[in-house]
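Trainee: I would like to go through this structure one question at a time. Please show it first.

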Amino acid sequence: MSQPADVAVSDLDLKIWRGDANAGELVSYRVPVREGMVVLDAVLWVQANLAADLAVRWNCKAAKCGSCSAEIDGYPRLMCKTPIAEYGGSVTVRPMKAFPLIKDLVTDVSWNYEVNKQIPPFTADEKDMTTSEPWRMQQKDVDRVLEFRKCIECFLCQDVCHVLRNHDLKQQYYGPRFMVRIASLEMHPKDVLDRRPLLKGAAGVGYCNITKCCQEVCPEHIHITDNAIIPLKERMDDAYFDPIRAIARRLKGNK
Amino acid sequence: MSPTSYETVETDVLVIGAGGAGLRAAIAAAEGGASVLVVCKSLLGKAHTVMAEGGVAAAMHNVAYQDSWEVHFADTMKGGKLINDWQMAELHARESPERVLELERWGAVFDRTWQGRIHQRPFGAHTYPRLAHIGDRTGLELIRTLQDRAVHTKGVDVHMETTVFKLLKTDGKISGAVAYRRADGSLLLYRCRALILASGGAGKMYRVTSNSWESTGDGTAMAYDAGAELRDMEMVQFHPTGMVWPAGVRGILVTEGVRGEGGVLRNKEGERFMERYDHERMELSSRDVVARAINSEVLAGRGSPHGGAFLDITHRKPDYIRTKLPSMYEQFLKLANVDITKQPMEVAPTIHYAMGGVRVDAETGAATVPGLYAAGEVASGLHGANRLGGNSLSDLLVFGKRAGDAAAEFVKAGSAPAAEVDGGEVDAAVATLMAPLDRHGGESPFKLMAEIQDTLSRYAPIVREGGELQAGLDQILAIAERAKTCGTGGSSTKAFNPGWHTAYDIRSMLVNAEALFRSAIERKESRGAHARSDFPKLDDELGKVNFIAYHTDGGMKVRAEKISEMPEYLREAVQHSYARYTPEERE
């Protein structure tokens, strides 16, 4: 039936962006294609055989760690999850554009880790933290946050978000990844902290205008906009922009 | 060479590795009052722990009320063929429930029972359903929880994408380490009072592996160089079920959770062959048995088209499969074009885990060098000759915490400031690291790595043989000679140069490979993951010893060391448990 594993079935013209923050260009490599090959295989083949100094991040090769993010023919994807067979005889791989380039396909994503530090961590009720009894939670309550906790931090959503990518408003908006993170905390059955002031302020949820691009590129199929960002916007609005409450506040003499 | 220039960073406790063990150790050490620096080769949250799928083993008896730490202890000991460090196995079985519940209080979310407790699923060679899990991505939940806890713990700092390549000692005690930043090759000198290795295994030594580029055995190699002893290095685990097709995905893990949820193994004739290998536990036998069974079926000509077996879960409802095994569903659909709710998966053994590693003290994780600690896969003892699924995540939590606690104590006890490091030693290590950059005609490190992988795959496969092990050792020693003069594969840049990085990584792999072959030659019996065609039976005398690899001026030596007697109450726990011994192949 199928070919023996090591026989190349065809050749691929793989164009990889090579260079650093100062300069760079697309370089073409001829790669023998084997059945079932993914883009990461081809890139690592080039590294092992043609360009040992080709910089690329990868780890699990199974779409579980979110290391090998890149823009493949212009679309943000995980290289380990993108079969060569989806393309013709040629494919172009570039680094993520929203982050400063280090070298070749490797970008400086450290900003994301700084943002994460600013989000107040999981905080349970004092009583819950001191009880010696194991917690009880129902599956349906847990299910609400499961989706958000699937995030593998590939940062493809951050890459495609126009607020970060085109307008570079990293100081004003945390980006979709961290909306998902905040949602996973806010909707955790045992979390009691109120992160709405953060959402309105430094996290800048208002900057999202719901184009849903992040949702489209998420390799974990998290409904980032529908299930995380929109409910967070609603929570924030309830607290700050509810017209009836605004009137009540005015009557009381508050702002 | 010009004088070495480097940035010096001081910390009380240096943790190498940011997987589950490293992060748990960092949290514990910081809570113990020490300043902690975690150094990792990848980005934070990408370590191997993230790939653990099935769950974390802890006798919480939420699903089977009969479960207890004694049964978990007995399962672990019997699975490890009784060469485990029984003290570690006891601590592990007693403390893992507490560690899991603690994780939940830090925000981890697990699947629930109908009463709202943490749900536990059955797994290979565990007598009762024991694995706390969340779908099939428990490792991700664990690492994300620990990661967030660690970065929000006062006193913990992290250096990402930094490779430590040398441990430093002063007056026989650990005093620091030298590292380079992967992005630009700049050097860092860490000065510390205690150092915790949590750097994982060496699965990259094999060609078909579930491990990433990171698993090159750096921790074991550096500890060995620093004079620490290694234990059970012959014991490496083949996970029975890795993907086999297409070629590009060969080796990627298929969680044991598939079998835990009822998946059955069949050969090409449709026979449920585990019947012949372990008719009581069937697919949920221990990993060594299932891996050898698939191997035997393939050798007998009853394998699947691409040289494996069929793993079938289609008798479960599609919705159930998608809920309980979401990432497996996705992985096969995307990478192999197989819908596992409708078709069987094709699977074959893949290298997965090193039971052996740095020899540690059970209670503290202390290695045989003062100030040096190890936890997780890089350490040895808990798993003996074979690890049970789910016991690695609990291992990380229990012994990560213990190592962190002990390191903080060690720092407190030794009030003297961090000792001066030996400049000459640093310069020599840096010179070795940099040398490949200047060897323009040197061999490609990627080529040498491929040769190491071929050697291990060919001479230390699932079933080994004395003559082949010797041939493998000779070959590894020959490659080690060539590695001394290898280049970087062409480029002399220090800016994110994987060729240069690999030139160092293969040195670590070679130490691990040599220890594996030398120990495997000595163990003239079949026990757990170590099966030999020339000694197919258990040898009761060898069941009383561990093999210790250690450094001498004349090179690596291996000696047998007697395992201490188990106390009466533990012997009873083993004898009276329902846990079954793995049936041996005794032809």
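Trainee: Which residue of β6(B) is the bridge partner of B:Ala57?

Mentor: This is a predicted model, in which local features need pLDDT of at least 70, side-chain atom pairs count only at pLDDT 80 or more, and totals for chains, interfaces and linings use all residues. Residues are numbered from 1 along each chain as its sequence is written, while chains are lettered from A and ligands numbered from 1 in the order in which they are written. Strands (E, at least two residues) and helices (H or I, at least four) are DSSP runs, numbered from the N terminus. In β6(B), the partner of B:Ala57 is B:Leu131.

Trainee: Over how many bridges do β4(B) and β6(B) pair?

Mentor: Two strands count as paired if DSSP finds at least two bridges between them. Strand β6 covers residues 131-132 of chain B, and its pairing with β4(B) is antiparallel, over 2 bridges.

Trainee: Which strands are at the edges of this open sheet?

Mentor: The sheet has 3 strands with antiparallel pairing, in the order β4-β6-β5 of chain B. An edge strand pairs on one side only, and here the edges are β4 (56-57) and β5 (120-121) of chain B.

Trainee: Which residues of β15(B) are on its uncovered face?

Mentor: In a regular strand the side chains alternate between the two faces of the sheet. Strand β15 of chain B, residues 309-312, has B:Ala309 and B:Leu311 on the covered face. On the uncovered face are B:Phe310 and B:Asp312.

Trainee: Which residue of β16(B) stands opposite B:Phe310?

Mentor: β15(B) pairs in the antiparallel sense with β14 (residues 264-266) of chain B, over 3 bridges, and there B:Val264 stands opposite B:Asp312. β15(B) also pairs in the antiparallel sense with β16 (residues 345-354) of chain B, over 3 bridges. In β16(B), the residue opposite B:Phe310 is B:Glu346.

Trainee: At roughly what angle do the axes of α1(B) and α11(B) cross?

Mentor: Axes are lines fitted to C-alpha atoms, for helices over the stretch in contact, and angles run from 0 to 180 degrees between N-to-C directions. The axes of α1 (residues 20-31) and α11 (residues 391-413) of chain B come within 7 Å, and the crossing angle is roughly 35°.

Trainee: Which residues does B:Ala407 contact, leaving aside its neighbours within four places in sequence?

Mentor: Two residues are in contact if their C-beta atoms, placed from the backbone, lie within 7 Å. B:Ala407 is one of the residues that touch the most other members of the 258-residue largest nonpolar core. Such a core is a set of buried Ala, Val, Leu, Ile, Met, Phe, Trp, Tyr and Cys residues joined through C-beta atoms within 7 Å. With those neighbours left aside, B:Ala407 contacts B:Val13, B:Ala29, B:Ala34, B:Ala194, B:Ile196 and B:Tyr373.

Trainee: Why does B:Gly389 count as buried?

Mentor: B:Gly389 is in the loop between β18 (372-374) and α11 of chain B. A residue is buried if 20 or more other C-beta atoms lie within 10 Å of its own, exposed if 12 or fewer, and partly exposed in between. B:Gly389 counts as buried because its C-beta neighbours inside 10 Å number 31.

Trainee: Which element gives the most to the side of chain A that touches chain B?

Mentor: 50 residues of chain A are in contact with 50 residues of chain B. Elements giving two or more residues to the chain A side include α1 (39-49) and α2 (110-118) of chain A. The most, 5 residues, comes from α4(A).
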